[in-house]
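Thanks for coming. Please look at the model while I talk.

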Amino acid sequence: MNKIISFLLVALLTACGQSETPQSPADSAANIPTVEELAANPKWLNDLRQRCKKDRPKLGDVLCNRVTEATRMRFYGDGETPYTPPKEPPKF
């Protein structure tokens, strides 16, 4: 009886183990453009943004995350613009 319980416990733990999922070619970082490359080409970036909206699982999370980061970089710029408050407070 003790051997059967041990065997069932081992079988249960083996079945609950982490599955090995092969990495799809869309998720390999080697063939995905960098954020800077995407930000430098606005037409390409816009096309990829539309494709990520429609078919994100096919393109992969790595590419779509880089597209999002490049879009944010183009929108906000380099972040070096200082805030210049007005010289006088507004009058009501």
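**The nonpolar core**

The largest nonpolar core is made of twelve residues: Ile 32, Val 35, Leu 38, Ala 39, Leu 45, Leu 48, Cys 52, Leu 59, Leu 63, Cys 64, Val 67 and Ala 70. Two or more of these residues come from each of helix H2 (35-40), helix H3 (42-59) and helix H4 (61-76). A nonpolar core here is a set of buried Ala, Val, Leu, Ile, Met, Phe, Trp, Tyr and Cys residues joined through side-chain atoms within 4.5 Å. Buried means under 20% relative accessible area, exposed means over 50%, and partly exposed is in between, with a 1.4 Å probe and protein chains only. Helices are DSSP runs of H or I with at least four residues, strands are runs of E with at least two, and the numbering starts at the N terminus.

Before I go on, the source of all this. This is a predicted model, in which local features need pLDDT of at least 70 and side-chain atom pairs count only at pLDDT 80 or more, while totals for chains, interfaces and linings use all residues. Residues are numbered from 1 along each chain as its sequence is written, and side-chain values use heavy atoms, leaving out hydrogens and water.

Which residues does Ala 70 touch, not counting residues up to four places away in sequence? They are Val 35, Leu 38, Ala 39 and Leu 45, where contact means heavy atoms within 4.5 Å. Ala 40 is found in helix H2, and Ala 40 is exposed, at 64% relative accessible area. Ala 40 and Ala 70 are 30 residues apart in sequence, and their C-alpha atoms are 8.7 Å apart in space.

**The disulfide**

The count is one disulfide, meaning a pair of cysteine sulfur atoms within 2.5 Å. Cys 52 is joined to Cys 64, with 2.2 Å from S to S. Cys 52 sits in helix H3 and Cys 64 in helix H4, so the link ties together parts that are twelve residues apart in sequence. Are these two cysteines buried or exposed? Both Cys 52 and Cys 64 are buried. The angle about the S-S bond is -95 degrees, and the link is left-handed.

**Salt bridges**

How many salt bridges does a search of the whole structure find? It finds three, each being a side-chain nitrogen of Lys or Arg within 4 Å of a carboxyl oxygen of Asp or Glu.

One of them pairs Asp 47 with Arg 51, at 4.0 Å from N to O. Asp 47 and Arg 51 are four residues apart in helix H3, which is about one helical turn. Another pairs Arg 72 with Glu 69, at 2.6 Å. Arg 72 and Glu 69 are three residues apart in helix H4, again about one helical turn. Asp 61 and Arg 56 also form a salt bridge, with the closest N and O atoms 3.1 Å apart. Asp 61 is partly exposed at 46% relative accessibility, and Arg 56 is partly exposed at 31%.

**The whole chain**

To finish, the overall numbers. The protein chain has four helices and zero strands. Of its 92 residues, 15% count as buried. Among contacts with a separation of 6 or more, 62% are between residues 24 or more positions apart.
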